Amino acid sequence: MIRLAAILCALGIILAGCGAESAGGPVKLDWFIFNEPSGAPVRIAERCSQESGGRYDIEFRYLPSSADAQREQLVRRLAAEDDTIDLIGMDIIWTGEFANAGWIREVPGAIEQDLTGTVFDSVLASARFEDRLYAVPIWSNTQLLWYRTDRVDQPPGTWDEMLEQAERIGPQGRIEVQADRYEGLTVWANAMIHSAGTQILSGPEELALEQGPTERALALMGRVSREAAPPDVSTANEDSARLGFESGDSSFMVNYPFVHPSAKQNAPEVFEHMGAALYPRVEPDLPSAPPLGGINLAVSSFSPHPDLAFEAITCLIQPQNQLEIAESGGLPPVNRALYDRSEIERIYPGFSDLIKESIEAAEPRPAESPAYQDLSLAIQRALHPTTGIDPQNPTRTYERLRARVEQAVERRGLL
Amino acid sequence: MATTLPRLRRRERARSGRARSEEHTAWLLCAPAVATILLVTAYPIGYAVVLSLQSLDLRFPEEGGFVGLDNYGTVLSSPLWWQTVFNTAFITVVSVVIELVLGMALAVVMHRAIFGRGLIRTTVLIPYGIITVVAAFAWFFAFDPSTGFVNSLPLIADDTAWFGDRFSAFAVIIMAEVWKTTPFMALLLLAGLTTIDEGLYEAAKVDGATAIQRFFRITLPLMKPAILVALLFRTLDAFRVFDSIFIMTGGGQDTESVSILGYNQLISRLNLGLGSAVSVLIFLFVLAIAALYIRGFGTSVPGREEQK
C-alpha cells in the first residue's frame, strides 16, 4: 500500500494527498465523529491543533447523526483497513467489537494512569476490553427521570410507584419511554434487567438472565407500555419522548439531560414544572441502574500517526474542554472532580449532583461482548413491541429473549 | 423444444462462410459491451456466491473458512427468512395489483386527454421522480402521531399509532409504494395503449359494442404484452422493497422484507457469509419471478420481438 502510494506520488497523480507531509507542515489527523450540534468539539480541536505548535492539525470527518449509521460507516472502513482514519469518536458500546477485531489501539499506560481515579469508574469500564484500556472517555451521558412537579409531590423511586402515580393523575399521567426497535430499547431493557437484580451477560460470552428477576423486569416493561405509555410507544425514541413530554400530556419521562434546555426553549410552561430524579428502581431494595451513554476517543490501528493521535487525545480531554462541551452541548463531563466546579451547577441547574450520582450508579450495556451488535439486535427482536409482553405471564417473552440472546452470543443463525 | 431443433439444423446447414465471418464481426463488436457487463454485474454476483459459501464475519477476521452450503442451510431453516419472504410477497402482490388497476385508469385518462396532454403526463410522473427515501420520509411524517396531519383528519382517531401495528404499518408502506410507482406503471401501459389501432374501436362502435365491451374485448387483449412487461418490471422492483420499510418501521412490527434481512446480516452484523447467502437467495427469487413471467405467461422482453 505504502509503495503504491509512493509510486503514485512520484507520478504526481495525487499531488494534494502527499504534498502536505513532504512539505514538512503539520500532520493531518482525521477525526471521525458525528457532527455534535453545538460545535464545541470543533472549537476544542482547533485550539489543540494551534497549541500543538504546528505538529498536528485535526480535521473533522463527519459521520451521520444516528449511532447505528455512524457505526455502519466506520466498521466498513475499518474492516477494509482504511489508513485515513486517525481518531475515532466511539459510542461507548463499540469497544468490545472494535478492540476484538483489532481495529483500535491499546491506550498507552501513561495515559491510562492519568485516567484511573480521575474519570468515573463506570465510564472508564466502558472503554475496557479484556481488562485492557482501548479508548479515552471525553464525555458521558446518562438518563434521569423527568417528572411534573405540579402533578406529583414526591418523584417516584420505583417503576411500581410511578405506575401508581400515573394512574392517579389520569389521562395526563403518561410515562414516556423509548421502545422503538432500535438501540434505545436495548438501553431500557438493560436498565430494567440490572435493576431487577440480574444482568444480560456475566462475561463477554456468558449468558446470565436469571429467570425470576428478568421476568419481573419484563413484566414491568409490558405494564408500562400497555397501561401508561403513549399510544405510539412501539415507535418511541428519545426525540418523540421529548416531544410528548413537552406537549404537556405526559407526567413522567426517562431521558437524557438534553430534554432540559429543549423544554426551556420549546415549552416554557412545561419547563416551569419540570423536575429531575434518579432513574427509577425495579425493586425497592435494589439500587437503580441508570443507562450510560457518551463518547470515547480511540486511535485506529491503521493510523500512520498513532503517537500524535494519542497526544491530540490528551489535549482534547482536558478539564476545561470537557467543561466547554458541557456548557455548549449539555454533555456531562467524565472527570468526577469537575462536578464540584461552579460552572456545572449553572449548566445543570439543580440537578448536577444527580447527574454525577446517576453516572456513578450507571450499569453499562453488555458492550464488552465483541458481538454486541448481534446481542442488541437479538434483544430488540425478542422484546419489540413491548406492548406484546404480558405483564401477568412474561415467561413466554422471557424464553424468547433467552433463546435469542443465546443465539447472538454463539453468533449463529439470522438476526 | 422439439419444434426448434429442425429449424436449427437447417440453419446450420445453410451457413455459408460469409455468414460465419459476419457472426464473428458481430461478436467482436459486442465484445466491449459484454466485457463491461461481465465486469460490473457478473463479477459481483459471482463474488457474492463465493462469499456465501464461506463463514466470514468481518468482526472476527481470524475465524472463518469454506463451509459449503451451510449458510444456505441456516437461512432456509430459519423461520425468520420465511417470515420475511411472506412479508415481501404480501407487499409485492398487494401493491402490484393496486398499481395495475390505478395505472390502467391513469393510462386511459392520459390517452384520452384532449387538452393539456403534455402537462397531464408530466404531472402524473412527479411522484415517480421523487427519491424513494424522501417519499418514504414524507409518508412517515404524515402518518406519525405527533407530527403528522393524517390523525387530525375526520374519521381517524387522533392517537392512531400507524406504525405500532403490523397491518396498519403494512398499509402505509404499501400506500407509499403505490403512490410512488403507479406513474411508472401508467407510463408503460400508456405506451401499450397508443399502439392499438383506433380503427378497431371505430369498427367495434359501428357494430354496437359498449365502452365496457370495447375495453375488455379490444383494449385488454391487445395490451396483454404491455401489461405483462409492466407487471414484470414492477414485480421485480417491488420484491426488492427496502427504503420505505427501512424509514418507516425499520423492520419492526414484523414488516421486514428480505432486503432488510439481508441488510441486517451484511451491513449491521458484517456477517458476509450469511448476508451473501441471503442476497443470492433474493437474486434466485428474482430470477424465478422473471422466468415465471417470461416462460409461464409468455411475456415478451425487449429484443425478442423480431424473432416472432
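Guide: Strand S7 (residues 144-148) of chain A runs antiparallel to S12(A), and 4 bridges join the two. Leu145(A) has Ala277(A) as its bridge partner in S12(A). This is a predicted model, in which local features need pLDDT of at least 70 and side-chain atom pairs count only at pLDDT 80 or more, while totals for chains, interfaces and linings use all residues. Residues are numbered from 1 along each chain as its sequence is written, chains are lettered from A in the order in which they are written, and side-chain values use heavy atoms, with hydrogens and water left out.

Both strands belong to an open, mixed sheet of 4 strands in chain A, ordered S8-S11-S7-S12. Two strands pair if DSSP finds at least two bridges between them; strands (E, at least two residues) and helices (H or I, at least four) are DSSP runs numbered from the N terminus. Strand S8 (174-176) and strand S12 (274-277) of chain A are the edges, each pairing on one side only. On average, neighbouring strands are turned by 20 degrees against each other, direction ignored.

Helix H12 (residues 259-266) of chain A lies across S7, strand S11 (250-255) and S12 of chain A, at about 175 degrees to S12(A). Angles run from 0 to 180 degrees between N-to-C directions, with axes fitted to C-alpha atoms, for helices over the stretch in contact.

Turning to side chains, Trp188(A) is in contact (heavy atoms within 4.5 Å) with residues including Trp159(A), Val177(A), Met221(A) and Tyr279(A), neighbours within four places in sequence left aside.
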